[in-house]
Amino acid sequence: MSERKQILVTPEEMEEQRQYIAELRTRIEGKGLKYHIVTYGCQMNVHDSEKLAGMLHEIGYAETGQMQEADLILFNTCCVRENAELRVYGNVGALRAYKQANPNSIIGVCGCMMQQPEISDYIRRSFPFVDLIFGTHNLYRFPCLLLQALDSNTTVVEILDSEGAVVEHVPTRRAKGVSAWVTIMYGCNNFCSYCIVPYVRGRERSRHREDILEEVQDLAEEGYKEITLLGQNVNSYGKDLDRQYLFHQLLRDINGVNGIERIRFTTSHPKDLSDELIETMAECKKVCRHLHLPIQSGSNRILKAMNRKYTRENYLQLVEKIKKAMPDISLTTDIIVGFPGESEEDFKDTLDIVEKVRYDSAFTFIYSPRRGTPAAKIKDEIPQEDKKERLARLNELVSSISHEKNKAYLGKNVEVLVEGPSKTKADVLTGRTGTNKTVNFKGDPELIGRFITLRIVEAHVFSLVGELLKDA
Ligand code: 5AD
Ligand code: SF4
């Protein structure tokens, strides 16, 4: 077996972090300290927060949902669009009085935003009461940094500017439930012209097959039934490693893990979605019939300017192939409106592709210029009102198709994995179909964590309502 190319954090370094955890534990023991983490952005960030929570639990902190009663507050930030950044500034700024009233508390800001030097500098200068600033590449060093912050009167800042190592065995505290996230690769090599991710998350680094499989095995033993494999571009998993072991092979191996009943993954770049992957999805029973396949725009001109490396024709052919192999597949996507230079014609091409593909749902965004990306240098002449109006038209179309697709479920029996109580109604449970449809239904909480069959009786834009079968 050949060696992996990328850096690995050595067992000695991880041992060092474990020692910091032990030291911190002796310092905070018996004090009943609590932490609160605020997470912005994608599932990758949510999963990073699960790792921060895992380390904090090992140290001896307990979680609190109330920021005001926390002794340690962490903001795990996102910089994909400007509005997420603005919320971070607002929320961190709002803690000035809190810090004055609780001088022994610790406030930390970490994640993607901090990987941009001008932003971490801005946070340090504007909010001097922040105790700790760190980035995405050194998350595993959090115990060491926390120890420094507890002993320091000034802000502790540690940001590594090159991509981090692949770190294994970081304690993780997953949200309780039936479904778990597993990162299979970090970073992105694609440099879509609007996107900041490659600059803040670094180049693609795949985890080793053995480490992923061991984690999935452990999750199965802990009782998780469903896993979601995470990466900015999971379809290029393994291409940075020397050995010939790619995403479809990983999927097949995970499909063989006893106890795991459902496998999901996100995100897939259309240019890297191979025939082998389509074949594997179609053949592997546990791989869900759902594919998130960001299109971003339906106009070839804009796709080129976005550096997406496919055309609308390539994309439609791919969709045809996928639907042929799995007629029951549910397709979702990401779309950006108002990319610099997008004309009404370009936008109509986007509406047209949405009609052709008939997505089950879509995340839609107004283009947000990100400093340092090539697109930010293009003159952006589209008035904000026009962008908003395009977004509204797009959302209307996406919603009407989602609704129609959901209506096709009426009267059908579907299998769902019951995830927990519904967020909105007290006596209602929520489950999810393999096709990623949320189904709400009245049932005994004992059903949580089980696969059950429901008859669909109502179809809404974003969810379905089901009933337990009489003999269930
Ligand atoms: N402006 C708007 N949306 C963006 N995305 C990424 N960068 C930007 C940006 N600068 C969207 C893309 C991506 C999703 C995660 O966020 O649609 O797929
Ligand atoms: Fe950003 Fe493109 Fe990479 Fe996705 S594939 S993270 S949009 S650069």
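Author: Axes are lines fitted to C-alpha atoms, for helices over the stretch in contact, and the angles between them run from 0 to 180 degrees between N-to-C directions. The model discussed here is predicted.

Reader: Within what distance do the axes of H2 and H6 come, and at what angle do they cross?

Author: Helix H2 covers residues 43-59 and helix H6 covers residues 142-150. Their axes come within 10 Å, and the crossing angle is roughly 60°.

Reader: Are H2 and H6 parallel or oblique to each other?

Author: Angles under 35 degrees count as roughly parallel, and 65 to 115 as roughly perpendicular, the rest between these being oblique. The axes of H2 and H6 cross at roughly 60°. The two helices are therefore oblique.

Reader: Which residues make the contact of H2 with H6, and how many of them are nonpolar, polar and charged?

Author: H2 passes H6 in a right-handed crossing. The contact is made by Leu 52, Met 55, Leu 56 and Ile 59 of H2, together with Phe 142, Pro 143 and Leu 146 of H6. By class, no charged and no polar residues take part, and the nonpolar ones number seven.

Reader: How are H9 and H10 oriented to each other, and what is the hand of their crossing?

Author: The axes of helix H9 (residues 247-255) and helix H10 (residues 275-283) come within 9 Å and cross at roughly 15°. Angles under 35 degrees count as roughly parallel, and H9 and H10 are therefore roughly parallel to each other. Their crossing is left-handed.

Reader: Which residues of H9 and H10 form that contact, and how do they divide by class?

Author: H9 contributes Phe 247, His 248, Leu 251 and Arg 252, while H10 contributes Glu 276, Leu 277, Thr 280, Met 281 and Glu 283.

Reader: What surrounds ligand 2, and how many residues of its shell are charged?

Author: The shell around ligand 2 includes Cys 188, Cys 192 and Cys 195. Also surrounding ligand 2 are Asn 190, Phe 191, Tyr 194, Val 197, Pro 198, Gln 232, His 269 and Arg 308. Seven of these residues are nonpolar and three are polar, and the number of charged residues is one.

Reader: Is Leu 417 buried or exposed, and what is its relative accessible area?

Author: Leu 417 is placed in strand E15, residues 413-421. Buried means under 20% relative accessible area. Leu 417 is buried, with a value of 0%.

Reader: In which helix does Leu 219 lie, and is it buried or exposed?

Author: Leu 219 lies in helix H8, residues 209-222. Apart from residues up to four places away in sequence, Leu 219 touches Arg 174, Ala 180, Val 182, Tyr 224 and Ile 227. With a relative accessible area of 1%, Leu 219 is buried.

Reader: Where is Thr 64, and what is its relative accessibility?

Author: Thr 64 is in the loop between strand E2 (62-63) and strand E3 (72-77). Leaving aside neighbours within four places in sequence, Thr 64 is in contact with Lys 34, Tyr 35, His 36, Glu 69 and Ala 70. Thr 64 counts as buried, at a relative accessibility of 5%.

Reader: Which residues is Ser 368 in contact with, beyond its neighbours within four places in sequence?

Author: Ser 368 lies in the loop between strand E14 (361-366) and helix H14 (384-407). At 11% relative accessibility, Ser 368 counts as buried. Leaving aside those neighbours, its contacts are Arg 81 and Glu 82.

Reader: What is phi of Arg 358, and what is the phi of Asn 436?

Author: Arg 358 is found in the loop between helix H13 (344-357) and E14, and Arg 358 is partly exposed at 30%. Asn 436 is in the loop between strand E16 (428-433) and strand E17 (438-442), and Asn 436 counts as partly exposed at 29%. Neither residue is a glycine, yet phi is positive in each. For Arg 358 phi is near 60°, and for Asn 436 phi is about 70°.

Reader: Where does the peptide bond with omega near 5° occur?

Author: Thr 267 is found in the loop between strand E11 (262-266) and H10. The bond with omega near 5° is cis and runs from Thr 266 to Thr 267.

Methods. Residues numbered from 1 in each chain as written. Chains lettered and ligands numbered in written order. Predicted model: local features only at pLDDT ≥ 70, side-chain atom pairs only at ≥ 80, totals over all residues. Heavy atoms only, no water. Near = heavy atom within 4 Å. Nonpolar A, V, L, I, M, F, W, Y, C, P; charged D, E, K, R; others polar. Helix = DSSP H or I, 4+ residues; strand = E, 2+ residues; numbered from the N terminus. Parallel < 35°, antiparallel > 145°, perpendicular 65-115°, else oblique. Left-handed = near helix turned anticlockwise from the far one by under 90°. Contact = heavy atoms within 4.5 Å. Buried < 20%, exposed > 50% of the residue type's maximum accessible area, 1.4 Å probe, protein only.
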